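I opened the notebook today to look up the pockets in this structure. Here is what I went through, entry by entry.

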Amino acid sequence: MKRVQFNRYGGPEQMSFGDYSLPKLAPGRIRVRVKAAALNPLDWKIRRGVMRLATGRRFPQGMGSDFAGVIEAVGSKVMGFHVGEEVFGTVEIRRQGAFAELVDADARLVVRKPRSLSFSEAACLPIPSATAWAAIVTAAKVGPYSRILINGASGAVGRSAMQLALTNGAEVVVAASRTSLGQFNDAAIKAACLYGDITALAAHGPYDAVFDTLGTLAVTDGLKLLRTGGRFLDINPSPSRIVKGLFSGRYKMIFATAGFKYLPDIAIAAGEGILRPTIGLETPFSDALTAIRDAELGQSPSGRIVLIL
Ligand SMILES: NC(=O)c1ccc[n+]([C@@H]2O[C@H](COP(=O)([O-])OP(=O)(O)OC[C@H]3O[C@@H](n4cnc5c(N)ncnc54)[C@H](OP(=O)(O)O)[C@@H]3O)[C@@H](O)[C@H]2O)c1
């Protein structure tokens, strides 16, 4: 079996295709024949060693989190799933290995694929949608009277957040680069501003929630844009931001893991067309090393990059 792996932490040059065999399937896990796997920035952050406390020092390590495919085998303690079913899901940070012909995933991180979605579309959902769900639905609790600012709305997390916020009836203001601004001409969006244009962002506020998907909005600026009781939600952790998140009632660091329990709701929302992943490129698995490197270097088309098996 082939997978994308690396033998030490580092840059794109550390990636290679490797042969591997999976261990005996654990009781709580599901083995999936991967049909599509979507790239997340997390994939290269892990390969660079950013999360080595969680990912350890045993090599080679497989790459990739988000996948869609067909169940090949079901662990002895897994209920409700059957061989041959079409599913999508994600793999825990400390395990990875979705850029592969076969992957084992915790059954709690796997859900049935809605018929209306392709494998590629389904593979784009887990991490971006779970993160957006944890921020917009759970932490911000956006509703019809909410006004929300999404800083970085053209990425996968930002788009999911925008779709969830609009569906819940919120007023949405987005901030994006000059290149991406043209994407936000939907009448439902209250305003689209350039990154860093605090005057324009403030003119459309104050906000019940500011969701920064890129970690580029200064926390002091974000907090000033909030109305009383509002929350600044961040997903790009640094040690100082994590500490701030622990002690502030107004500033919170959100992790995709907090949204994984909503994967069944995410599947329903995607099946109903509420969550609509944007695919930038579908490319054969054999081109994975180039596709990952290009995405990491910002040289891919806008939208999710999906490996097809
Ligand atoms: N805390 C967590 O658990 C968690 C979970 C998910 C993601 N994250 C982090 O959140 C960040 C955003 O994740 P994401 O999946 O939304 O990233 P993404 O889809 O790659 O998009 C990020 C931004 O990059 C810009 N961009 C997208 N495609 C581009 C291209 N082809 N060329 C140039 N720029 C491009 C876009 O902004 P503009 O076009 O406006 O420049 C976009 O908003 C990442 O740093 C990720 O690691 C954290």
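Before starting, I noted that the domain bounds I use come from an automatic or database domain assignment. I also kept in mind that this is a predicted model.

**Entry 1: the largest pocket.** I began with its volume and found about 1500 Å³ of space. Next I asked myself which residues lie nearest the centre of the largest pocket.

Entry 2: I checked the domains and saw that domain 1 (2-125 + 277-308) and domain 2 (128-259) each give at least three residues to the lining of the largest pocket. Then I went through the elements: helix 1 (41-48), helix 4 (126-139), helix 5 (156-167), helix 9 (239-247) and strand 16 (304-308) supply at least two residues each. Sorted by class, the lining of the largest pocket holds 26 nonpolar residues, 17 polar ones and four charged ones.

**Entry 3: the second largest pocket.** I moved on and read off a volume of about 510 Å³ for the second largest pocket. I found 22 residues in its lining, with Arg3, Gly62, Arg94, Arg95 and Gln96 nearest the centre.

**Entry 4: its elements and classes.** Which strand gives the largest share of the lining of the second largest pocket? I traced that share to strand 7, with three residues. Strand 4 (61-62) and strand 7 (102-106) each supply at least two residues here. My class tally for the lining of the second largest pocket came to nine nonpolar, six polar and seven charged residues.

How values were computed
Residues numbered from 1 in each chain as written. Predicted model: local features only at pLDDT ≥ 70, side-chain atom pairs only at ≥ 80, totals over all residues. Heavy atoms only, no water. 1 Å grid on protein atoms, 1.4 Å probe; cavity = no way out; pocket = protein on both sides within 12 Å on 5 of 7 lines; lining within 4 Å. Points joined across faces, edges and corners; volume = space filled by probe spheres on them. Helix = DSSP H or I, 4+ residues; strand = E, 2+ residues; numbered from the N terminus. Nonpolar A, V, L, I, M, F, W, Y, C, P; charged D, E, K, R; others polar.
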